[in-house]
Amino acid sequence: MDSCFFSDHISHHVSATDRGQLYSKNISMTKRSNFKRLLVLCWLVAVLALVGTGQTPKPTETRSARSHPGLVLTKDGVKQIRSNLGKVPLFDASLADIKAEVDSEIRLGIVIPIPKDFSGGFTHERHKRNYLMLEKAGVLYQILDDKKYGVYVRDMLLAYARLYPTLPLHPQTRSYSRGKLFWQTLNDANWLVSASQAYDCVYEFISPADRVVIEKDLFRPFADFLSIGSPQFFNRVHNHSTWGNVAVGMIALVMDDAELLDRALNGLKEDGLTAGMKDNDGGLIKKEGQKTGFLANVDEPFSPDGYYNEGPYYQRYAMYPFLVFAQSLQNKRPDLKIFEHKNGILLKAVNALLNLTKSDGEFFALNDSQKGMSIYSRELVSAVNIAYLFGRRDPALLSIARKQGRVQLDNSGMAVALGIKSGLEKPFEKRSIDLSDGPDGKQGGVAVIRNKKNDDELALVLKYTSHGSSHGHYDKLSFSYYNNGEEVLQDYGLSRFVNIEQKGGGNYLKENTTWAKQTIAHNTIVQNETSHFGGDFDTGSKYHSDRYLFDVSDPKVQIISAIENNAYPGTRFQRTMAMIEEDSFEKPFLLDIIQLDSKTPNQYDLPFYYFGQIKSANFKYESAKALEPLGKANGYQHLWKEGNAIFGTENAKISWLNKGSYYTLTSATQAGDEAMFVRLGANDPEFNLRRDPGIIFRKKNVQKATFVSVLETHGSYNPVTEASRNSYSSIDSLKIVFEDEHYIAVEMKNKAGVTSLFVLSTKDDRPTQRHNIEISGRPYNWAGPYYRPALK
């Protein structure tokens, strides 16, 4: 018999011909295997005797007669899938891919290393690979009715059942909640979510004796460790605890354990935690009166619109456990009506998440987020499939599934594949949208404004949310801007190289705190070189910005305006952004107005982080002869000062070229205003930060200040034909022509001498309210919060 045993350094393999039990070194495998099975059979006989007397030992709590599988797959679903094999192209292709992947792993043999590494390291990645293979092999067993997949799952679960009781806490100590298989309990929960599905699929294949061992030595202690043994992880509201709750809930459903299921849904009744506790990243673990459990994690982080307060990157990560557990509950406990909970919020969340993507399907960078994450992730494949089956079978979701090019191997995946085969799909139209934040929808929000013409799309994202839990950034009223999915003005995202072991074990780097979370890392106002709320998590978590106006009723003038009153005590600022179409411009331009009013004079900085090559500027500047950091703290220490300028003109204009498109930023300036060309990378000896450029506009020693800018997207450059087209700005001048406590008016003149005016009522947004003001001796009368008279 080929065998496998655990080692501190090397994991030996079980052959494809016989995947038996795993045992320790230097002992006869066959003898130990037979002896162990004898012990288990004896134990089972004792259990049966106890049942006859009415006594039930804990490891075999009463189980219902419900059949398996019953979580993501059901018996009826398996019948439907088998009857359609070879007839549904997308499902068949997905099945072939997964079969090839799992078959390759079976040939490799079962590898169970002793845990020791951070994410990205061998042991971490091997255990991660194992749980993914367990899940996939389980569904293959059901769909193909092939015993080899059942054997593979059974033997791997038995192997883990022998390893798990021997494991101490993981040797890496960085996490606030260390796991056993992984460096953090979060990844242990990932493992159990997948392993539960695998166990459900092969439950009836595994002998009762082996099920006793697997549940007694693996699943029950595993569930207890994630919950009772790790209350700081399990009993909070966070994507971490969502995974923990779901892990315990999934195995509870398989084992039909009512107590475990209640623990998963409603949290621990007693956790011994102190209110105000924080994790190692500064995130809140417990607050007074906090509800816990899966239902609390559905109720609190999601707004009524489906926005998740941690941002789309972590919403994507959490949607898999949210929806796979909901699917399982719907199949096993339909009485809970989980997809109707909070007015169907889990299904709304899928729609919200899809709307928080660029034209290429990548998520907008909000809070901690790794750029490049997209709708093509396995979590979004699952989300789209489940939302289609358990929602209203929205045909627009089928178009997303077609782009994804694969489906889940379950009932929802078959439903999607059949819908596509039947030609039911319709385009998923991403329109301008304003998503509220907070459980009641009253904690600010995030606005996405889009202008799409044929295959061209410009997209603006303005963030005016609550802080966003431990993954939030100090970036009130920040924005990012996109041209056909390419970043024009960026949000930095996170400072982390996920699963790259050489970079801090794949974990968050210190620069995530010293740079990425700081206000200066974002395209928003910084007062006196300090971050919003002083960079204090507790303070920032108390407040949110407020929407003043969102109006996209006119596709030629789409507006978002929001107000921040708490980022800096005694200072109020309002940001109004409008995407405006005008015939004399090749593409819509972006108007940006920031008005500040403080009780004291301050220095205000407004950065714009662009990509590409500076082409020209209409002002004189000095390039630095020697690079020095821009400041000493709050993110400024990471910026090299490459050049600076002091303005004496009314307009500052800077143009750049990036990936074949030209961009020009025109700003209304006053004498004495400054600009600094900066580049990221100072005080970064380990090269953890990208070397991204930016320009910062500065106003000094002012109590009230207004920043007005216009960003144009224009022209093109083709490196093959070397043809440059429309490389110059269309703007001749930009200026503020009126401003008081209630109104602001901005005038822009193009190169043809045509003048346009934009007037905003900054205090009254009622759509029927009439306004009358005089600008430069001319009266203006209108109804509604803004006015844009005909060009003159």
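Modeller: Let's start with Val416, which counts as buried because its relative accessible area is 1%, under the 20% cut-off. Keep in mind that this is a predicted model. Val416 sits in helix α16, which covers residues 411-421. Leaving aside residues up to four places away in sequence, Val416 touches Asn385, Tyr388, Leu398, Ala401 and Val407.

Now for helix α13, residues 341-355. The buried residues of α13 pack against several elements, among them α14 (378-390) and α15 (395-404). Those buried residues include Gly344, Ile345, Ala349 and Leu353. α13 has 15 residues and runs 22 Å from its first C-alpha to its last, close to the expected 21 Å. There's a bend too, of about 45 degrees at Lys348.

The buried residues of α13 also pack against β1 and β2 (445-453), which brings us to the sheet. This is an open sheet of five strands, ordered β1-β2-β3-β4-β5, with antiparallel pairing. β1 (433-436) and β5 (486-489) are at the edges with a single partner strand each, so one side of each has no neighbour in the sheet. On average, neighbouring strands here are turned by 20 degrees against each other, direction ignored. At the β5 end, β4 (residues 478-483) pairs with β5 in the antiparallel sense over three bridges, and Tyr481 stands opposite Leu489 in β5.

Notes
Residues numbered from 1 in each chain as written. Predicted model: local features only at pLDDT ≥ 70, side-chain atom pairs only at ≥ 80, totals over all residues. Heavy atoms only, no water. Helix = DSSP H or I, 4+ residues; strand = E, 2+ residues; numbered from the N terminus. Buried < 20%, exposed > 50% of the residue type's maximum accessible area, 1.4 Å probe, protein only. Contact = heavy atoms within 4.5 Å. Pairing = 2+ DSSP bridges. Axes fitted to C-alpha atoms, helices over the stretch in contact; angles between N-to-C directions. Expected span 1.5 Å × (residues − 1). Bend = angle between axes of the 7 residues up to and from the residue.
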